[in-house]
Amino acid sequence: MTEKELIEGCCNRDMGAREELYRRYLPKMFGVCYRLTGNRTIAEDLVHDGFMKVFVKIKEYKGTGSFEGWLRRIFINISLDYLKRNKRESTLDFGNSHVVDDVKEPEGLDSLGYIELMNEINRLPDNYRVVLTLYCVEGYNHEEIAKLLKITSKTSKNRLIRARNMMMERIGEHLNAAKLSSMN
């Protein structure tokens, strides 16, 4: 089914088209929600809500720009709305509630893989993680991030710098720990 046929089918409430759209875009949209919230369970709930919103609003898609970009915008907004509604007590919470399961300590530079990196990103305070994700992964510029988050572009830049510094410090800690364990 082409993208155009998929969209037309969803506009006509065709369950087969809706299932195909869900199957085709679920992994990417889950990734968007997960990277922004840092929590697998919350991301699963947001993906469900996002697809429900997509099916309601799909007739509003005008065909200008990429369809996947239109979808991403919905899922980014749903994730940001969730974070605004559910602000944590402290934006500097470094607890393990967002850590990916079954993580082994890295043994060296090559072993600092995706899971360890995602764990460290998920441990960032929400305001840093969101800017880092929007800028580095989703490709937004600071002006776009500022508009989305209702902050200044200078604040966006500062949060990105702080997020990167925190990540560099944490990666350094992982590498030092790996170096020490290899010496034993």
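Me: How many disulfides does the count come to?
Reply: Zero disulfides. Keep in mind that this is a predicted model.

Me: Ok, and Cys 33, is that buried or exposed?
Reply: Cys 33 is buried, because its relative accessible area is 0% and the cut-off for buried is under 20%.

Me: What about Cys 136?
Reply: Cys 136 is partly exposed, with 43% relative accessible area.

Me: Switching to charges. How many salt bridges does the structure hold?
Reply: There are ten salt bridges in the structure.

Me: Which side chain does Arg 35 meet in a salt bridge?
Reply: Arg 35 pairs with Glu 138, at 3.1 Å from N to O. That pair links distant parts of the chain, 103 residues apart. Arg 35 sits in helix 2 (residues 15-37), while Glu 138 is in the loop between helix 6 and helix 7 (142-149).

Me: Is Arg 35 buried or exposed?
Reply: Arg 35 counts as buried, since its relative accessibility is 17% and buried means under 20%.

Me: And Glu 138, how does that one come out?
Reply: Glu 138 is buried too, at 14% relative accessible area.

Me: Which residues are linked with them in a network of salt bridges?
Reply: The network takes in Lys 28, Arg 35, Glu 68, Arg 72 and Glu 138.

Me: Going back to that end of the chain, where is Thr 133?
Reply: Thr 133 lies in helix 6, which covers residues 126-137. Thr 133 is buried, with 3% relative accessibility.

Me: What is Thr 133 in contact with, leaving aside neighbours within four places in sequence?
Reply: Thr 133 is in contact with Arg 35, Leu 36 and Glu 138.

Me: Other pairs now. What does Arg 123 form a salt bridge with?
Reply: With Glu 120, where the closest N and O atoms are 2.9 Å apart.

Me: Last one: how far apart are the closest N and O atoms of Lys 57 and Glu 60?
Reply: They are 3.8 Å apart, and Lys 57 and Glu 60 form a salt bridge.

Me: And how exposed are Lys 57 and Glu 60?
Reply: Lys 57 is partly exposed at 28% relative accessibility. Glu 60 is partly exposed as well, with a relative accessible area of 46%.

Technical notes:
Residues are numbered from 1 along each chain as its sequence is written. This is a predicted model: local features need pLDDT of at least 70, side-chain atom pairs count only at pLDDT 80 or more; totals for chains, interfaces and linings use all residues. Side-chain values use heavy atoms; hydrogens and water are left out. Helices (H or I, at least four residues) and strands (E, at least two) are DSSP runs, numbered from the N terminus. Buried means under 20% relative accessible area, exposed over 50%, partly exposed in between (1.4 Å probe, protein chains only). Contact means heavy atoms within 4.5 Å. A salt bridge is a side-chain nitrogen of Lys or Arg within 4 Å of a carboxyl oxygen of Asp or Glu. A disulfide is a pair of cysteine sulfur atoms within 2.5 Å.
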